[in-house]
Structures are given as C-alpha cells and as structure tokens.
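I opened the notebook to record what I looked up in this structure, entry by entry.

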Amino acid sequence: MQFLSVAGRELRVAARKRSSFRVRIFSSVVALFICGFSLWFVTLFRARPLPGEQLFYVLSWFAFFYACIVGPALTADSVNEEYNNGTLGLLFLTNLNSTSISLGKLVGHGLLALYSIISILPIMALPLLLGGTDLQSLARTSVVLIVTLILSLVVGMFASTVCRKTWVATVLSLFILGFLVLGVPLIAALVQVALRRNYPDWLDLFTPAYSLYMSGPNAAMLPGNRIWTALGVQMLIALAFFTVTNLLLPSVWKEGKTAKRTRYISSAWHWFKYGPGEARRKMRTRLLQMNPILWLSCRERFGPFGFAAFLLLLAFGISWAGRNVPFMMPTDGFLTPMIAWIAGLPLLYLAFCFRFAAAASERFAVDRKAGALELITCTPITTRQIIRGHWLGLLRRFWGAALLLFALHAFTLNYIIEATRIIGEYPSFNWVEFIVRPVGHLFIRSSIPNEYAPYYVACLAVLSAAFLITILWFALGWLGMALSLKLKRQILAPWIALILLAAPPIPIFICALPFIVMNKQLFVENLFVAMFRMGFTGFTIVLANALLWLFLAHHWTYRTIRPSEYARKTIRKIDDELTFVSSRPASGR
C-alpha cells in the first residue's frame, strides 16, 4: 500500500477533475468528425466515401500523433511543479522512495492520456465493420498506441526532471520524441542516399512509426515484419528513461555545495545573459522608467536575438535539407529547395507560436502562484500599465524572431514566383503581376487563364498569410495571458491557446464548402474566381475566429487582473490616511 500511495492519491485527484471528462469527449469528437467527414460529408460534393482501409490508416495516424503530443503536454511539469512549490523534498522526508514518487506522477498524469486513447479505439473499430481491416490489426494498432503513449509520458517526465522551466521541458521532450519518430527514418534515408546502400535493419526497431506501419493489415504477412521486437525495444527505451528519472529524482531537490567549475560556468552565463554590473544598472534604470513590469518580464541583454538565433539555425537546417535531401524526386538545384522551404516554413511558424504562447502565459502564472500578482495590483500601478508592461516585454523578446520569419516568408514567396516562371513558362510573372492582375480580373474583368490561376492564388495566399499571422500572434498573446490567469496548470495554457485558434476554423470551413462549390461550372469557366472564393472564405473564418478570441481574452485578462473592490477600498483608505498625515502641520515642543 505504501508503494502505491502516491499513485492512489494522484488517481483520486485526477478522477475528480473536470478535465478527465473533457479530454475524453474532445478526442472522441475529433475522431467522430474525421469519420463523419470521410463517410458522409464528402457525399455532399458528389464524391465517393473514403474506403474502410484508408479510413483506418487515417484514424491510426491521428491517434498515433495524438499519443506522441499528449504525453509531453501532461507530464512535462510533473516533477518541476513539485520542485517549484517546494514539496518535492517533503515527499522524500517520508518513507517513500523515488520509484514510488515517479510511478505515482506517471500514473496520475497519464490517466488523462490513457482515457483519450481508449475513447478513440471504439471509433477506430468502425472500419472493421466496413471491411477495411481485421480484428488482429486493430488489436496490434491498439498495443502500438499504448506503447507509444507510455514512451511519450516517460520522456515528458524525464524532461521535467532535468529542466526547471516548463516550456524547456516540453521542448526537450518533443525533440526526443521527434528524433525517435521522424529523426531515425530520416537518418536511415540519408544513409541510403549518401552511401548508396541499404541502411541497417535494426534502426527500424527504435522508431514507433515503424511499429504503427507494421501493425496494418497489409503489412501483417510481410516476411520482415518485426513489430513485436520493435515494441520490446521501445519499451526498453521507456524503461531506460524511467530508470534515469528515478536515479536523478533524489538529487533534484537538494541544494548542496556547487563545484567550482559549475559556479564558473553559471557566473559566465549570467554575465553573458545580463551583462556586467554597470550595464545591468543602466538597463534597469532605462526599463524601470519605461514600465516596471517590463523590467520584470525581460531583463536579458540580448532579448530580441535569443530566439531569433535559434530560428536562424533551424533555417540553415532547412536550407541544407533542401540542397541534400531528395523530396520524392531526384535532387534538383531549384525545385527541391523550394519544396523544403514550403514544408519547413510552417514548422518555424509553429515553433515561434508555441514559444510565444509559453512566454505570454509564463509571467502571470508564476506571479499568481507566488502571490506576487496580488501584491502588484495593490501598488499604484494600474491594470493597464501591468498589461502594457507585459506586452512590451513580449515585443522586446520576440521582435527579432518575428522580423526573421517575415524575411523568410518573403524569401519563400520569391521562390514560388521563380518556380512559376520556370515551371509554368510564364516569364512576365513577378511581384506586381500577381497583385495587380487579380484586382483587374475581379473588378475590370481582365482575363486570367485557368492554367495560370493556381499560381496567382498560391502567391496571394502566401502574401495574405503574413497579415493573418500577425493577427494570430496578437490573439495568441492575449489568450496565453488570459489562460494563465484562469488555468491551474501553466503547461496547458500554450496548448489550449494554439488549439482554440487552430481547431474551430477547420469544421466551419468544411461545413461552408458545399455552398462554395455549389456552382461547379464556375471552376470550368473561371478557375481563379472559384479558387479565390474558397481562399477568401477560409481567410475570413480564420480571421473572425482570431478576432473573437482576442476580444474575449482581452476582456478576461482585464477582469481578472483588475483588483477587487475590497482591495480598491483599502488602497483608497491608505492613500487618504497618508494624505491626511502629510497635510497636518508639524507640532513642535
């Protein structure tokens, strides 16, 4: 009983949470939406429903990526939350050992993830009724999903043990899982292309993607199917991370004597980050004159260029991949880099959005947990100044990365224009052409041939995405601040903010498609206008959703931070007493 005491407590706490029921409903509703669209909604477009076999693969990969993401989203703060609250050391003062504590955290935080995966499995059985798969494939896929979920949960808890900040632990766990899921197959492909020989077969055993591929009905009878060996290797990897976590856990909360080399590295990093003493004093004076909250939010010397340097490093990686990795075609000096940039730029935007949402939710969440937010609201600083200072800190930290992304955005758009000249054999296509001619086509009825319409629409979509992304960033910042004041767990704020901005427009746009494509003759007569209608509808839906959440988050943030009526009366009373005391004449004896 003592061995499972922490696990029992975490399970009782998780069973009383509303999120335990919401996660199950959300995951099952998304899976049902995929099935409904594939089997029924496509018939409104007079298209054939998706076959049962393909539907099973779509649901399997959806559940697989969901299992990879939900682990770090739930366990990346399981250990450092106890450390930051000062309760991790108290657990070791009892008779509990590190295995009991880590197992309890793993079971308690992994219960939500297990519920969500189990709620998807009955929906994955629908293709079984359609004849798209068999019972053995469904059972193997279920085992693969559970093993992948365990691996992601353990990796997230390991990252939470070695990292003090929640967002750093999340990034580390996602990097480890990305290396296992995508990095290992990429290394195998590079070995095969560079050395012109088959890669070692044992590399497949380390990636969960191989296990999922081999669990399908078509791969069941392959002679080289080693799914159970791969699952065993992946469970050993999870066990290795769990063992390392247990070994590190007893020493995490201790603050013993630091080695001389460690102190030297720490002081050097502090000097590099904040500068020498005189520089720190000058920056403190300058930031405090602008806004006190700005000094609390961003005191680093190289604030605008820290994350920009990381994105620039990733951009160099995309450029290298575009020159050396073939993307489903022989290596080409122009087309392959263009495909690499089109695929890699959304990844850079996604990394920026997650870091921006994490930074927007970090300051208020830490202050609220420590009680500093209530103290700040009792000072003469107004609510508007508090929020303005936080926004100034976000702008100071991320304007360099934002400018870099916009420069890469323009670079990718220029690549598409050059590709249109070469592939489409359209020498006059340039920056002015794809803006002026569509306006004339819409209002003056100048002609755009159907064979060139996709190029115009693609360039207009990339150009309008820059404006839309700017609005999404502002909405993401307000949502991060509002959710950090509403949620009990800081780690969920950036994830929920990204989901609220990305998920609602998808079903709305799909429901609007039948009305857009109702006139199919328009696609034959004027392809540009038909595609422009679809793009403009999607743009409007995403923009309306972002503006709605921006308004709601703005209202929630001001309403939550604004001091209560009792605090305002107390502050007013203290000010009146101080004014009365200062106005009294000094009485001498």
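In which hand of crossing does α18 pass α20? I found that α18 passes α20 in a right-handed crossing, where right-handed means that the near helix is turned clockwise from the far one by less than a right angle, and left-handed that it is turned anticlockwise.

Before going on, I noted the ground rules. This is a predicted model, in which local features need pLDDT of at least 70 and side-chain atom pairs count only at pLDDT 80 or more, while totals for chains, interfaces and linings use all residues. Residues are numbered from 1 along each chain as its sequence is written, and side-chain values use heavy atoms, with hydrogens and water left out.

**Entry: the whole chain**

I looked up the secondary structure and found 25 helices and zero strands in the protein chain; helices (H or I, at least four residues) and strands (E, at least two) are DSSP runs, numbered from the N terminus. Of the 589 residues, 44% are buried, a term that stands for under 20% relative accessible area, with exposed over 50% and partly exposed in between (1.4 Å probe, protein chains only). The protein chain exposes about 31,800 Å², and carbon and sulfur atoms supply 69% of that area, by the Shrake-Rupley method with a 1.4 Å probe. Of the contacts (heavy atoms within 4.5 Å) between residues at least 6 apart in sequence, 78% join residues at least 24 apart.

**Entry: α18 and α20**

I went back to the pair in my opening question. The axes of α18 (residues 383–423) and α20 (residues 453–486) come within 10 Å and cross at roughly 165 degrees; axes are lines fitted to C-alpha atoms, for helices over the stretch in contact, and angles run from 0 to 180 degrees between N-to-C directions. That angle makes α18 roughly antiparallel to α20, since angles over 145 degrees count as roughly antiparallel, under 35 as roughly parallel, 65 to 115 as roughly perpendicular and the rest as oblique. The residues of this contact divide into 20 nonpolar, five polar and no charged, where Ala, Val, Leu, Ile, Met, Phe, Trp, Tyr, Cys and Pro count as nonpolar, Asp, Glu, Lys and Arg as charged, and the others, Gly among them, as polar.

I also looked up Ser 464, which is found in α20 and counts as partly exposed at 29% relative accessibility. The C-alpha atoms of Ser 464 and Phe 539, 75 residues apart along the chain, are separated by 8.3 Å.

I then followed α8 (residues 135–162), where Arg 140 lies. Is Arg 140 buried or exposed? At 15% relative accessibility, Arg 140 counts as buried, and its C-alpha atom is 8.8 Å from that of Ile 227, 87 residues away along the chain.

Helix α11 (residues 227–252) packs with α8 at an angle of about 20 degrees, with the axes 9 Å apart, and α8 is therefore roughly parallel to α11. The crossing of α8 past α11 is left-handed, and the residues of their contact divide into 21 nonpolar, three polar and one charged.

Helix α6 (residues 98–124) packs with α8 at about 150 degrees, with the axes 10 Å apart, and I noted the two as roughly antiparallel. Residues in α6 that meet α8 include Lys 105, Leu 114 and Met 124, and among those on the α8 side are Leu 138, Leu 149 and Met 157. This contact divides into twelve nonpolar, four polar and one charged.

**Entry: two buried residues**

Gly 104 has its place in α6 and counts as buried at 0% relative accessibility. Gly 104 and Leu 11 are 93 residues apart in sequence and 8.3 Å apart in space, C-alpha to C-alpha.

Ser 361, found in α16 (residues 335–370), is buried with a relative accessible area of 1%.
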